[in-house]
2 protein chains.
Amino acid sequence: MSILPKAITDLTNSFERLPGIGPKSANRLAFYLMNAPRTFGEEMARNLLRVKDEVKICQKCFGVAEKDRCEICSDEKRSEKIICVVERAIDVVALEKVGGYKGVYHVLGGVINPLDHVGPEELKIEELINRVEVIKKGEKVEIILAMNPTMEGEATALYIKKKIENLNSKAEIKITRIGSGLPIGADLEFADQITLSRAMDGRREL
Amino acid sequence: MSILPKAITDLTNSFERLPGIGPKSANRLAFYLMNAPRTFGEEMARNLLRVKDEVKICQKCFGVAEKDRCEICSDEKRSEKIICVVERAIDVVALEKVGGYKGVYHVLGGVINPLDHVGPEELKIEELINRVEVIKKGEKVEIILAMNPTMEGEATALYIKKKIENLNSKAEIKITRIGSGLPIGADLEFADQITLSRAMDGRREL
């Protein structure tokens, strides 16, 4: 027998299933919402449903969209000659916050991960190849592979690189990988060996 | 113009208004819910409303309840001769998790805080006094003041102590305050002066 009303434990359980929220925070949030104005909970409940009902997938880059095309793919000021390939739609948000990038994106929906039974066919790799295939002879294009610098991210980057090279496209396609090394503010002393070796490999002339 | 669908930014804003959730986590949660099964979002939305509809306030201790009396006040095995006074209903959860406490509670609903315009009349202090007043002559009772060891918590504890003493009750009322000192696992070197002085004052014979 719990000393708490079931409505509180049920809401606590809902919060606890979210990533990064532990049992204590979940309980705290449930009590917070119990004490918050009713309109706040109602608005949040509405927004929880809207995110499933109103968000679509862009049919070009597979990022999030309100219509069939996302805001970025519909933006004529964006260059289609630079395609940044990312794992998830939320990565687009992170890169856009930096500002300055004027190309477009391609969201894979994950990375190749045999342990999780994710093969290339589960990802939007074929669709990326199709986007590259239609690039005309002589055109200059850059494909930035911006998957996370994890083992799976690296493997996926190599797989895509090979696929594009095998196309024998007549276009001038440059394939790049985002820089890897020490993050700003980090300390050499505490960095792991792979990061350090990447930082050395990726050194630039000043 | 945001690059994100409005449904995502609206849900992000809802999450961001919760305590302890920053803009990045809020965004991450919104994307998580977008990708989660629809039933999960629906269940969470339902629970958000239920917590306002189904949770009542216990008419005796002012903790959370499903009926007019909470599970603790309705439990005949609990001794009404020990009343633990806490700030908020969630504090009851924390103390109950420890286990072993066999008394009852009294939830004040906050602490006296002139800066936030919270006076004694905004709290359930009068109701606590009423509970103490009906204790019959000769009965032995303990009132544990378990407000947080903050300046406001201390002031509220002193205020309540005075109020109870002024009652001139014929019962044997012992008023105690929860122990204060170094938390388990803490380091003397990093403890603040007030905590250290409390730890010294609260020393016990071994």
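Which residue of β6(A) stands opposite Val141(A)? Keep that in mind while the whole model is on screen, and return to it when the tour reaches the sheet of chain A.

This is a predicted model, in which local features need pLDDT of at least 70 and side-chain atom pairs count only at pLDDT 80 or more, while totals for chains, interfaces and linings use all residues. Residues are numbered from 1 along each chain as its sequence is written, and chains are lettered from A and ligands numbered from 1 in the order in which they are written.

**Stop one: the two chains**

Colour chain A and chain B separately. A rotation of 180° with 0.0 Å of shift along its axis superposes chain B on chain A, with an RMSD of 0.0 Å, where the copies are superposed by least squares on the C-alpha atoms of residues with pLDDT of at least 70 in both. That is the relation of a two-fold axis. To find the axis from chain B, select Ala45(B), whose C-alpha is the nearest to it in that chain, at 2.0 Å. The same surface serves both copies, since 100% of the contact residues of chain B recur in chain A; two residues are in contact if their C-beta atoms, placed from the backbone, lie within 7 Å.

**Stop two: where chain B meets chain A**

Next, select the side of chain B that touches chain A, where 45 residues of chain B are in contact with 45 residues of chain A. The elements of chain B that give two or more residues to this side are α1 (6-16), α2 (23-35), α3 (38-53), β2 (64-65), α4 (71-74) and α5 (89-98); helices (H or I, at least four residues) and strands (E, at least two) are DSSP runs, numbered from the N terminus. The largest share, 12 residues, comes from α3(B). By class, this side of chain B has 27 nonpolar, six polar and 12 charged residues, with Ala, Val, Leu, Ile, Met, Phe, Trp, Tyr, Cys and Pro counted as nonpolar, Asp, Glu, Lys and Arg as charged, and the others, Gly among them, as polar.

**Stop three: the sheet of chain A**

Two strands pair if DSSP finds at least two bridges between them.

Select β3 (residues 82-86) and β5 (residues 140-145) of chain A, which run parallel and are joined by four bridges; here Val85(A) stands opposite Leu145(A) in β5(A).

**Stop four: the core around Val85(A)**

Bring chain B back and select Val85(A) and Val85(B), which touch the most other members of the largest nonpolar core, a set of 97 residues. A nonpolar core is a set of buried Ala, Val, Leu, Ile, Met, Phe, Trp, Tyr and Cys residues joined through C-beta atoms within 7 Å. Not counting residues up to four places away in sequence, the residues that Val85(A) touches include His106(A), Leu108(A), Leu128(A), Ile143(A) and Ile160(A).

**Stop five: two loop residues**

Finally, select Phe62(A), in the loop between β1 (56-57) and β2 (64-65) of chain A, where phi is near 65°, a positive value in a residue other than glycine. Is Phe62(A) buried or exposed? Phe62(A) is buried, with 22 other C-beta atoms within 10 Å; a residue is buried if 20 or more other C-beta atoms lie within 10 Å of its own, exposed if 12 or fewer, and partly exposed in between. His117(A), in the loop between β4 and α6 (125-133) of chain A, also has a positive phi, of about 60°, although it is not a glycine, but His117(A) counts as exposed, with 7 C-beta neighbours inside 10 Å.
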